[in-house]
Amino acid sequence: MGSTGSTAETGSTADTGGTAGAGSTAGTGRRGALETYREVIGLTGPLLPAVSFLGRLPTATIQFGSVLLVARTSGSVAAAGLTGGALAIGQVACGPLVGRLADRHGQRTVVLVFSLANALAVAALVAGALAGLPTWLLALLGAAAGASVPLIGPLARTRLVALARRAGAPEPTVGAALSFESTLDEVSFVLGPALVGLAAVLAHPAHALGAAAVLVALCGTGFALHPTARATAAPATGTPRARARPRMPRPFQALCASLALQGAMFGACQAGITALTERLGQPDQAGLVYAAMGVMSAGAGFAMAAVPGRIGLLRARWRAATATAFVLSLPLLWTGGLGVLYAVVTVLGVAYAPHLITVFALTERTVPRARLAEAMAFATSALTGGQAVSVALTGRLTESHGPAAAFAVGSAAAALACVIALTARPARYSGNRAS
């Protein structure tokens, strides 16, 4: 946290229009990705990324864990699906509210309250499942667990961007910050379900969810109380930001739609991979195949720090990422063996993180700064909602038409995302100072 102090001291540079940052953009662009990431870590110190990563792991754990837990304790797949669905609905519906509260009141209080509430809700779900409560009560507890998710991932992204802007950092550093946070999300959403699956095999899903409750309480509190939370403090009463709530620009809707379609791709691939590995008699391979795609996606995300982040180039990157996802998804329609599945899905992962990072970068530049946390939460809810709906629909589709039907839905979602990227025209929000 010595870096936090120096960040505050350079805040005046950003307030004067960011000339220092703009002047150093070219030099930063010539540096390697690792050096750029060191600059990003320098904005926060090493503790915050570790705490925020551990704090977002429970979000990746509770969705899959709740399904395994209720299925194990009740013996009913339908009850498990209803509980997991209620949890997803709660998260999608209340995520933007968490972001809005953080914009209005600062992250510290909001994250602290929601982290402790989420820990209690997850613990109550575990206790209810072990006690054999009826399905409707488990669904309510699942909805409460989803609604109280503190959204540490989107808020960490917002906080890091705020620190970079306040320090007058050049555009490549801002882009690297978004790449870094999106990659942490990718890794958490690969590691979380894997840990739950391991706990289910070795012991009981309740152990994984119990650990998630402890982790969100401890690391959520640590994230809330970290000194960098001052960068996203509530605006002073009477300031223009406090009095007026600027409207979201229309292009933001296109960005959310693109993320929802990427979520639909995630869900369709998940259903198709599960169905195909079951057909091949190796259902245990499904998680490993999905993890291989996530690892490749995370690697591509880390490499994005070397790519320029001007808004015109961001639009081109958006189109390229969606077109690449569509093209690389097509071989899945004719995939019938496990080795080929691994190869095709791993290559497809190259397109996922660049799309996420690019859309979040466009969001940061397109929406008003006063509503950035809310916008990031909306974007995350769109991604989560698209995945949840797609899993539900394509899961049933595979029962009657096989894995290729789910993969076809994923390709169609990628095609629609490409159409949106080609037709939308996001531009820098006029109320934001150029950095």
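Reply: Contact here means heavy atoms within 4.5 Å. The model is predicted, so that local features need pLDDT of at least 70 and side-chain atom pairs count only at pLDDT 80 or more, while totals for chains, interfaces and linings use all residues. Residues are numbered from 1 along each chain as its sequence is written, and side-chain values use heavy atoms, with hydrogens and water left out.

Helix α11 comprises residues 171-202 (helices are DSSP runs of H or I with at least four residues, numbered from the N terminus). Toward helix α17 (residues 338-366), α11 presents Glu171, Val174, Gly175, Leu178, Ser179, Ser182, Thr183 and Glu186, and these meet Ala353, Leu356, Ile357, Phe360, Ala361, Glu364 and Arg365 of α17. By class, this contact has seven nonpolar, four polar and four charged residues (Ala, Val, Leu, Ile, Met, Phe, Trp, Tyr, Cys and Pro count as nonpolar, Asp, Glu, Lys and Arg as charged, and the others, Gly among them, as polar). The axes of α11 and α17 are 9 Å apart, at an angle of about 130° (lines fitted to C-alpha atoms over the stretch in contact, with angles from 0 to 180 degrees between N-to-C directions). That makes α11 oblique to α17 (under 35 degrees is roughly parallel, over 145 roughly antiparallel, 65 to 115 roughly perpendicular, and the rest oblique). The crossing of α11 and α17 is right-handed, the near helix being turned clockwise from the far one by less than a right angle.

Helix α11 also packs against helix α15 (residues 285-303), where the axes come within 9 Å and cross at roughly 170°. The two helices α11 and α15 are therefore roughly antiparallel to each other. From α11, Ser179, Phe180, Thr183, Glu186, Val187 and Val190 take part; from α15, the residues are Ala291, Gly294, Val295, Ser297, Ala298, Gly301 and Phe302. This contact of α11 with α15 has seven nonpolar, five polar and one charged residues.

The centres of Phe266 and Tyr352 are 4.7 Å apart and their planes lie at 75°, so the pair is edge-to-face (centres within 6.5 Å; planes under 30 degrees apart are stacked, over 60 edge-to-face, the rest tilted). Because Phe266 belongs to helix α14 (residues 251-279) and Tyr352 to α17, the pair ties together parts 86 residues apart in sequence. Phe266 is buried at 10% relative accessible area (buried is under 20%, exposed over 50%, partly exposed in between, with a 1.4 Å probe and protein chains only), and Tyr352 is buried at 2%.

Conventions:
Phe/Tyr/Trp six-rings, centres within 6.5 Å; stacked < 30°, edge-to-face > 60°.
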